[in-house]
Amino acid sequence: MSGPEGEPARAAFIRAHTRLLPVPHAPEIRLHVAEEATELWQKTEEELAVIGLPPPFWAFAWAGGQALARYLLDHAEVVAGRRVLDFASGSGLVAIAAMKAGAARVEACDIDAFAATAIGLNAEANGVAVTARLEDLLGRDEGWEVICAGDVCYERAMAEAVIGWLGGLSRRGATVLIGDPGRSYLPKDRLEAVATYEVPVTRALEDAEIKRSSVWRLAR
């Protein structure tokens, strides 16, 4: 048995296992999302060793990403005319919101090839141009003016590495925004909350149907 290989096969897999639906807290945006969360998640977990398919983070609108997307749509001045990076983008939700808010250029990076494909499909579905980058940009600085990171604080090692890197970008003058529902490794002592929302989420993957989620600005 072999898994989807190549861009066309990944795109076909995504279309077959998702529906194009409005994002609950940012209905201006539609994403290819899994209707039956546990079914797709279990499918990929079971087949992981066989077909090399990572957990489908790209198939859901996570709480932190929804909060960031809502914030950018409502505060377009944050990204208007600026170059934006959406780090660990997943579905591309935040990147799409940034483009809709008037960003000059948006790059969305992820290390999962399925996410990179999903970003392209979702951007196309919303009539915006987003550059999907299938690479880990952690530690890099390519001059982005705004960096967004949603739901990156669920593991200690990742949170520490990402926040350390983002801190350097913030000190050199970039605006760094983090979307998070208060996960375990969120360093609140280094963050300033700029907006808080009650975000509908997938109960099968979270511990509630509504997550209080905030957009945080990383202090310089």
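**Note on the cores, a helix pair and the aromatic residues**

1. The largest nonpolar core of this structure, which is a predicted model, holds 38 residues, and the residues with the most contacts inside this core are Leu72 and Val130. Two or more residues each are given to the core by β2 (26-33), α3, α4, β4 (105-110), α5 (113-125), β6 (146-150) and β8 (191-200). Of these elements, α4 supplies the largest share, with seven residues.

2. Leu72 deserves a separate look. When its neighbours within four places in sequence are left aside, Leu72 is in contact with Val78, Val79, Val94, Ala97, Ala98, Ala101, Cys148 and Leu177.

3. Turning to the helix pair, the axes of α3 (residues 63-74) and α4 (residues 93-100) come within 8 Å and cross at roughly 0°. Angles under 35 degrees count as roughly parallel, and α3 and α4 are therefore roughly parallel to each other. On the α3 side the contact is made by Gly65, Gln66, Leu68, Ala69, Leu72 and Leu73, while on the α4 side Leu93, Val94, Ala97, Ala98 and Lys100 take part. Sorted by class, this contact of α3 with α4 has eight nonpolar residues, two polar residues and one charged residue.

4. For the aromatic residues, a search of the whole structure finds six aromatic pairs. In one of them, the rings of Phe57 and Trp62 have their centres 6.0 Å apart and their planes at 45°, so this pair is tilted. Phe57 counts as partly exposed because its relative accessibility is 37%, whereas Trp62, at 19% relative accessibility, counts as buried; the cut-off for buried is under 20%.

5. In another pair, the rings of Trp58 and Phe114 have their centres 6.3 Å apart and their planes at 15°, so the pair is stacked. This pair links distant parts of the chain, since Trp58 is in the loop between α2 (37-51) and α3 and Phe114 is in helix α5, with the two residues 56 residues apart. Trp58 and Phe114 are both buried.

6. Finally, Phe57 and Trp62, whose tilted pair was described above, belong together with Phe60 and Tyr154 to one aromatic cluster.

Key: Residues numbered from 1 in each chain as written. Predicted model: local features only at pLDDT ≥ 70, side-chain atom pairs only at ≥ 80, totals over all residues. Heavy atoms only, no water. Axes fitted to C-alpha atoms, helices over the stretch in contact; angles between N-to-C directions. Helix = DSSP H or I, 4+ residues; strand = E, 2+ residues; numbered from the N terminus. Parallel < 35°, antiparallel > 145°, perpendicular 65-115°, else oblique. Contact = heavy atoms within 4.5 Å. Nonpolar A, V, L, I, M, F, W, Y, C, P; charged D, E, K, R; others polar. Core = buried A, V, L, I, M, F, W, Y, C linked by side-chain atoms within 4.5 Å. Buried < 20%, exposed > 50% of the residue type's maximum accessible area, 1.4 Å probe, protein only. Phe/Tyr/Trp six-rings, centres within 6.5 Å; stacked < 30°, edge-to-face > 60°.
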